[in-house]
Every structure is written in C-alpha cells, then in structure tokens.
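Let's take a walk through this model, pockets and strands included. Have the structure open as you read.

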Amino acid sequence: KPSIGDVVVVCQPVIRIRDIVYSTRINDSGEGVVEFAIPVKCDALNPKSATINYILRLNDTTVLARGKREISLDMRREDTVRFVARVPKEALWSASSPQIATLDLDNRINGRASEFIRRNIGIRAADLQHGRLYVNRRAVDLRLTDYDPSRSLDEQLGTHANGIICSADVATEALLAEGDRRGIYVFVR
C-alpha cells in the first residue's frame, strides 16, 4: 500500500496574507527603524474587506508596535499593508546579542478571525560596503565554514567560526531560524 507521508490540508481565507517582507535601517540615534510590507490577496469574485491587526513584541513582553490596517480589495486584486516600528538599539539582532522579535498578524474578515500568522524575526540592518559586511553599522569579522548537514552546528563551528556557507537547497527555514536564535551568520550561495 503506497504512502505519501503526512498530509496537511489548508483552507485559505478569501482575503489572505501572501507574504511578510521587511527591511531595517539605522537612524541617527542608532535605533532601528523596521518597515513591514504585507502583501494581501483577494481570491473572491466580489469586493471584500478585512482588518489586519499586528503586534511586534520583543521577548513576548515588550511591545514595539501595535495597530491595525483596514483593507478593501476588488475581485482577484492584491494590495500591500504597510507599517513602521522603531526598535531600540539594544533590541537589534547581532551575533553577540541575538535578540528575536515576534510579529503576530491577525486577519479578520467581517470581525471573524480567518488567519493568524506568527513569525520570529531577528531585526537588523545588514550592508555590504567595499567587500565588508556591516551589521547595525558595525563591521563584522567573518570566520566562515562550509556547512555539512550530516554534522552538528557545534562541531562545524568549533571555537573559530561564527558563520556557515550553504547551498540554497540546504538553507531550510529551520536552519535559518537556528542561526538567528544562536547568533550565527548564514550565507547562502
């Protein structure tokens, strides 16, 4: 009897969050300013409206941003919900202090909860200047090693490496999340 493994059936709402995109810059006082863009898609054959509620938290206690956005979409249309949050410099992600923020999105259609999405995010500004990596405007001394999925990260990093290089097919969400959680730089080639 053939088997395909576990099967998950998802019923998407008629107005759904399609993605979460964000970018961070550092302002003159050293704080982070993170800008979120949330593409929202309507799959209905008639106009629909929804309310997207958002909460951005640090350590599940400190609220960095909270609000809601109303969105109305015509048949089969897409638009983007945007919001901005200030992030104190001590709350920005770095390898020495891997702070993780939590973004909760609650999509309500006609007042009823239709979708809830939670993402853990390491908020940081990363730039390449003259072949050098800067995170939150500070130069990073990179010591990279090739990633081998058959060995533990601890074995591969040892005492000298602070990052890994891996191919796109190996860079799973779990690996990227582990890098964020532990303050490990992950480069995908």
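Helix 2 supplies the largest share, six residues. By class, the lining splits into 14 nonpolar, two polar and six charged residues, and the volume of this pocket is about 640 Å³.

Before going on, a word on what you're looking at: this is a predicted model, in which local features need pLDDT of at least 70 and side-chain atom pairs count only at pLDDT 80 or more, while totals for chains, interfaces and linings use all residues. Residues are numbered from 1 along each chain as its sequence is written, and side-chain values use heavy atoms, with hydrogens and water left out.

As for terms, a pocket is an open set of points on a 1 Å grid over the protein atoms alone, where a 1.4 Å probe fits and protein lies on both sides within 12 Å along at least five of seven lines; lining residues have an atom within 4 Å of a point. Points are joined across faces, edges and corners, and a volume is the space filled by probe spheres set on them. Nonpolar means Ala, Val, Leu, Ile, Met, Phe, Trp, Tyr, Cys and Pro; charged means Asp, Glu, Lys and Arg; the others, Gly among them, are polar. Helices (H or I, at least four residues) and strands (E, at least two) are DSSP runs numbered from the N terminus.

Now for the second largest pocket, which holds about 320 Å³ of space. Its lining has 16 residues, with Lys 89, Ser 94, Val 135, Asn 136 and Arg 138 nearest the centre; seven are nonpolar, five polar and four charged.

Four antiparallel bridges join strand 9 and strand 10, and Gln 129 has Arg 132 in strand 10 as its bridge partner.

Finally, look at the loop between strand 7 (101–109) and strand 8, where Asn 110 sits. Asn 110 isn't a glycine, yet has a positive phi of about 55 degrees.

Key
Two strands pair if DSSP finds at least two bridges between them.
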